[in-house]
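Subject: Structure handover

Hi,

Here is the structure I promised to pass on.

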Amino acid sequence: MAATVGQTELRARFAVSLSTLYGTEVPAYTTLVEVSQEVNADVLAQRDDAERLGSIERVTAERHGAIRIGTPRELAEVARIFGACGMYPTGFYDLREATPPIPVVSTAFRPVDRAELASNPFRVFTSILVVDDRRFFDERTERELREFLDARTLFPAELLDLADRMERDGRLDGADADRFLALATASFELSPEPVDRAWYERLESISSVAADIGGVSSTHINHLTPRVLDIDELYRRMESRGVEMIDRIQGPPRTADGQPDVLLRQTSFRALAEPRAFREPDGSVHESSLRVRFGEVEQRGVALTPKGREAYDAHGVAGLPDTEEGLDAADLAYYVRDGGGRGALVPIVYEDFLPRSAAGIFASNLTGEGRTDASQRAAARDAVWLRDVLGRELHDPYALYEAERGS
Ligand code: OOG
Ligand code: NI
């Protein structure tokens with residue numbers, strides 16, 4: 001019998017395949033991965049507790065990607081492709097509430113079981129444009145956006161069929177798995193198709209994220225993010241290699257030695273100018289460039305309970321005790337008791353995203369402030385809307401952490 005491929009292996013290979021693609025498209029990403037691995041090797045050599053928040057195998061393979069899409073149909077298709085890889089929609093983020101506001105709502109596709117996360121935690125932050133939000137788009141722009149988006153096909157039928165078979169059977173034979181990976185990876189490649197300049201610029205004057213989604217006829221990975229065990233050290237080493245980083249690390253500040261890391265810290269290098277073809281109003285095609293895609297890196301800490309998160313949102317880390325025992329005793333962070341005895345605690349790593357940091361990541365790479373009219377009507381979007389569009393369960397991150405803690 002020919003070897004078959006299961007969902008865990010497919011997910012791991014998908015992460016590698018996208019990483020290889022992105023490295024050829026955005027070479028500075030490869031530098032980021034190399035420097036992350038150097039930092040991780042150094043931390044592993046220096047600190048006994050280096051693997052407390054995940055094995056070095058997990059952390060070395062760990063990536064998250066970000067994609068941006070336009071319609072409910074596209075979102076439902078993406079859910080099938082990621083579903084084939086054992087990645088399920090988790091969490092609802094409304095970036096329209098951010099400063100500056102971004103006309104998208106988002107979820108993250110990721111494994112939800114601890115064993116699957118340990119094998120390969122690949123996750124993809126996925127944003128969908130809210131075309132009917134009048135604060136961004138007037139009636140005419142909404143209509144034109146819908147027309148443009150409805151006319152495009154992001155994912156070939158063959159890919160979606162393979163995805164459905166994988167989800168149904170839990171396995172694909174080797175050749176089908178190869179085909180799935182080739183088609184899925186190609187779907188997220190930057191397209192050489194010329195961009196209609198007038199249309200793109202019209203959207204860009206409203207929001208550069210809207211232009212990145214609705215101004216082009218395909219989707220692409222916006223960034224890919226390795227995980228690092230010391231993000232401050234990573235930041236210094238990237239700058240000393242001459243890679244210009246955004247001016248800060250998003251999320252909680254660095255903690256003192258021995259103090260627990262919480263949630264998620266992230267930083268990125270600035271979007272680079274990439275050559276893109278543009279079609280001018282007179283029909284001629286010219287090579288120009290766009291700054292849209294970048295590289296990001298992250299350091300993960302313990303997941304906070306709703307109560308811990310409330311304290312963090314109100315007062316930052318100053319609102320939290322500075323020991324694991326303190327966090328656990330006040331039920332502010334998630335730990336499981338180590339079966340090995342003596343009541344030792346094992347932290348449950350934060351597997352999700354932070355809307356404020358996400359907004360910062362979006363904002364740091366916008367080409368302009370954009371234009372909104374706060375007096376106009378917002379479009380209703382919430383977790384229930386998202387679940388209905390997905391046609392599948394939308395996982396609640398807190399429920400997953402609670403279940404794992406066994407409380
Ligand atoms: C997504 C930004 C959010 C993160 O790590 O918080 C994100 C995007 O730029 O499309 O990836
Ligand atoms: Ni990201």
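Below are the conventions, followed by what turned up.

This is a predicted model, so to speak only of what was kept: local features need pLDDT of at least 70, side-chain atom pairs count only at pLDDT 80 or more, and totals for chains, interfaces and linings use all residues. Residues are numbered from 1 along each chain as its sequence is written, chains are lettered from A and ligands numbered from 1 in the order in which they are written, and side-chain values use heavy atoms, with hydrogens and water left out.

Domains first. The protein splits into domain 1 (4-303 + 351-398) and domain 2 (304-347), with bounds from an automatic or database domain assignment. Taken over C-alpha atoms, their centres are 29 Å apart.

Now the interface between them. In contact (heavy atoms within 4.5 Å) are 15 residues of domain 1 and 18 residues of domain 2. The buried area comes to about 1500 Å², with 62% of that from carbon and sulfur atoms; here buried area is the accessible area (1.4 Å probe) that two parts lose on being put together, summed over both. Of the area that domain 1 buries against domain 2, R52, A303 and Y398 supply 39%, more than any other three residues.

Two salt bridges cross this interface, a salt bridge being a side-chain nitrogen of Lys or Arg within 4 Å of a carboxyl oxygen of Asp or Glu. R356 also forms a salt bridge with D313, where the closest N and O atoms are 3.8 Å apart.

Over the whole structure, the search gives 51 salt bridges. One of them joins R152 and E74, at 2.7 Å from N to O. That pair links distant parts of the chain, 78 residues apart: R152 sits in the loop between α6 (139-150) and α7 (157-169), and E74 in helix α4 (residues 72-84). Helices (H or I, at least four residues) and strands (E, at least two) are DSSP runs, numbered from the N terminus.

Last, a sheet. It is open, with three strands in the order β7-β10-β11 and mixed pairing; two strands pair if DSSP finds at least two bridges between them. The edge strands, each pairing on one side only, are β7 (195-196) and β11 (285-291). Strand β10 (residues 273-279) runs antiparallel to β11, and seven bridges join the two. In that pairing, R279 stands opposite V285 in β11.

Cheers
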